[in-house]
Amino acid sequence: MDDSRDESGGICAGPQLLRRRLLKGTLAGAASGVLTAANSSYGAEGAGPIVATAGGRVRGLKQGPVTSFLGLEYGAPTGGTRRFLPAQPPPPRSGVRDAFSLGPQCPQTPLDFPAWVDPSPAGENCLALNVFTPAQDFYRERLPVMVWIHGGAYVFGSAYSKLYDCASLARSGNVVVVGINHRLNLFGYTQLADRGDERFWASGNTGQLDLVAALQWIRTNIAEFGGNPRNVTLFGESGGGGKITALMAMPSARGLFNKAIIQSGSILRLRTRDEASAQTDRLFHALGLKNGDIEKLQAAPVDKLLAFAQQALNDQSAPVHPILSIGPVADGTVIPIDAWQTKAPDTARDIPTIIGTTRHESVGFFSTPAHSPVKDDADLIERIQQGVVLGRFSGAQVDAVLHAYRKALPAYSSQELMVRVATDLGFWRNALRQADMVHALGSSSVYMYECAWTLPCHQGVWAPHGVDIPLIFNVESYGVAWDGNDSDAQRRAADPRARWKGVSRQMIAAWTQFARTGDPSTRQLKWPAFDAAERSTMVFGRKSSVILDPRGGVRGAIESA
């Protein structure tokens, strides 16, 4: 049973120049040149190329080998009387619009760590996306397209943060990268379908349908940016992976993407229609509105809706982990009721998929620090239950799994057992189930991975939830992103930059090769497909390698819990 604990590392180096210039409001340093494209031409000196989209012409910002087009509208405004309704196409624009500024993000409660925060303004009219292309000949090139769907459960986040450097990935992987903003929390997931107004038939999943609208925009327009509309790969972490999991079950999304990468996002249990409707009942009551008065709910102040959403995220009595108490609904219309319950949906057929987790996902989800003393087994079991994000387990179930882990890992401390059991019962168990279900379709390859790269945060021995993000985006400097103890200085002291760069290059190469071919194997790393017999898993770390059936000695206990 492979369970090495000595993966040490760090992330360090320089800032993102494109973001600096955008924040300064200047185009200084933007490269000029000539593109040989039928629909592209340079405008004013120092500006980027002009591209004709179905909604109008837009001018990009050329930054070295990558041109960015920011804040491109893929949907009409969604505020006021359009709140909770499916997206409509944006009105066409005349003239040329400078696509130099990020579009608004969905209204949300601010986060504590700036590395995850998009500094752009928030607003309900947030249906915008960003395109980053390394193509030098838009007319002739047809590069693979990678669509980033951000995390933050279903309640916060955006397509941009310091950790989401789509331009860097486009440059290093020679792929077109698209990041999507869409409606979140109550704006994207309020179930009103049973309130007597047929216009709101899809309101519980409008956030998901926003993503479908964005993918339709990509299908129509991405060739004008040098991308291949027939080779689109979705990739997302945490809630972003959950959104991809839901999209794989949605008939309306079928054919709009060809491959999927689900990073710590195997969220297989969606809210039921009854659960979502009961939450809407509580929303009307909390706002002092007559139940079913949708017109008044559409006019409710944004801060009132956010306050209710925050209250829901603190409700420990929810049938799911509170952070998932707002999200997609298995409504039987947009998403089938039985999606991912016992088998992969047929809409997931023919979609090669990468599925993975980090080694210590749950370390940041405990209410007390993971390294704090454990009083006794009762305390340990209770803390494990608290740290399991993707699932609910009884004390007896946790105790049985804990017994198996103690037998397999006798040298582990109580804190190490706590983190591993909570991680494996939630994130890893769901990833295994999803991989097995996709493999059982028999028509698509599935590849599994684990990221074991550790950071100085959480006492310096853990690979926490989200640690794979800066590796994939080649982000060497981001400030503080986890517990406040992962500063650049500590990372430099913990590990030479070269080792981090090596793992980052391996992951970028695998992700972009998968986007090209559906197979993540590279010259450096041969990555076999997952199957029920060998259960091959690529473990990324100081010495990346394939492990057959990792933690096989305890997998039975995890799967039967």
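**An open sheet and the helices around it**

In this predicted model, 11 strands form an open sheet, and their order across the sheet is β4-β5-β7-β9-β8-β10-β11-β14-β15-β16-β17, with mixed pairing. The edges are taken by β4 (61–63) and β17, each of which has a single partner strand, so one side of each is left without a neighbour in the sheet. On average, neighbouring strands of this sheet are turned by 25° against each other, direction ignored.

Strand β14 covers residues 353–358 and strand β15 covers residues 446–451; the two pair in the parallel sense over 6 bridges. I354 has Y447 in β15 as its bridge partner.

Helix α4, residues 206–221, lies across β5 (66–73), β7 (128–133), β8 (143–149), β9 (176–180) and β10 (227–237). Relative to β10, α4 runs at about 150°.

Helix α2, residues 166–173, is mostly covered, with 6 of its 8 residues buried. Those buried residues are C166, A167, S168, L169, A170 and G173. N174 follows α2 and has a positive phi, near 50°.

The next part concerns a pair of helices. Two packed helices are described by the angle between their axes and the distance between the axes. Helix α11 (residues 414–440) and helix α15 (residues 552–560) pack at an angle of about 90°, and their axes are 10 Å apart. Angles of 65 to 115 degrees count as roughly perpendicular, and α11 and α15 are therefore roughly perpendicular to each other.

Which residues of α11 and α15 meet? From α11 come D424, L425, W428, R429, L432 and D436, and from α15 come R555, I558 and E559. Sorted by class, this contact of α11 with α15 has 4 nonpolar and 5 charged residues, and no polar ones.

Is R551 buried or exposed? Its relative accessible area is 1%. Buried means under 20% relative accessible area, so R551 is buried. The side chain of R551 makes a polar contact with the side chain of D424, at 3.0 Å. D424 is also one of the α11 residues that meet α15.

Notes:
Residues numbered from 1 in each chain as written. Predicted model: local features only at pLDDT ≥ 70, side-chain atom pairs only at ≥ 80, totals over all residues. Heavy atoms only, no water. Axes fitted to C-alpha atoms, helices over the stretch in contact; angles between N-to-C directions. Helix = DSSP H or I, 4+ residues; strand = E, 2+ residues; numbered from the N terminus. Parallel < 35°, antiparallel > 145°, perpendicular 65-115°, else oblique. Contact = heavy atoms within 4.5 Å. Nonpolar A, V, L, I, M, F, W, Y, C, P; charged D, E, K, R; others polar. Buried < 20%, exposed > 50% of the residue type's maximum accessible area, 1.4 Å probe, protein only. Polar contact = N/O pair within 3.5 Å; in protein donor to acceptor, adjacent residues only side chain to side chain. Pairing = 2+ DSSP bridges.
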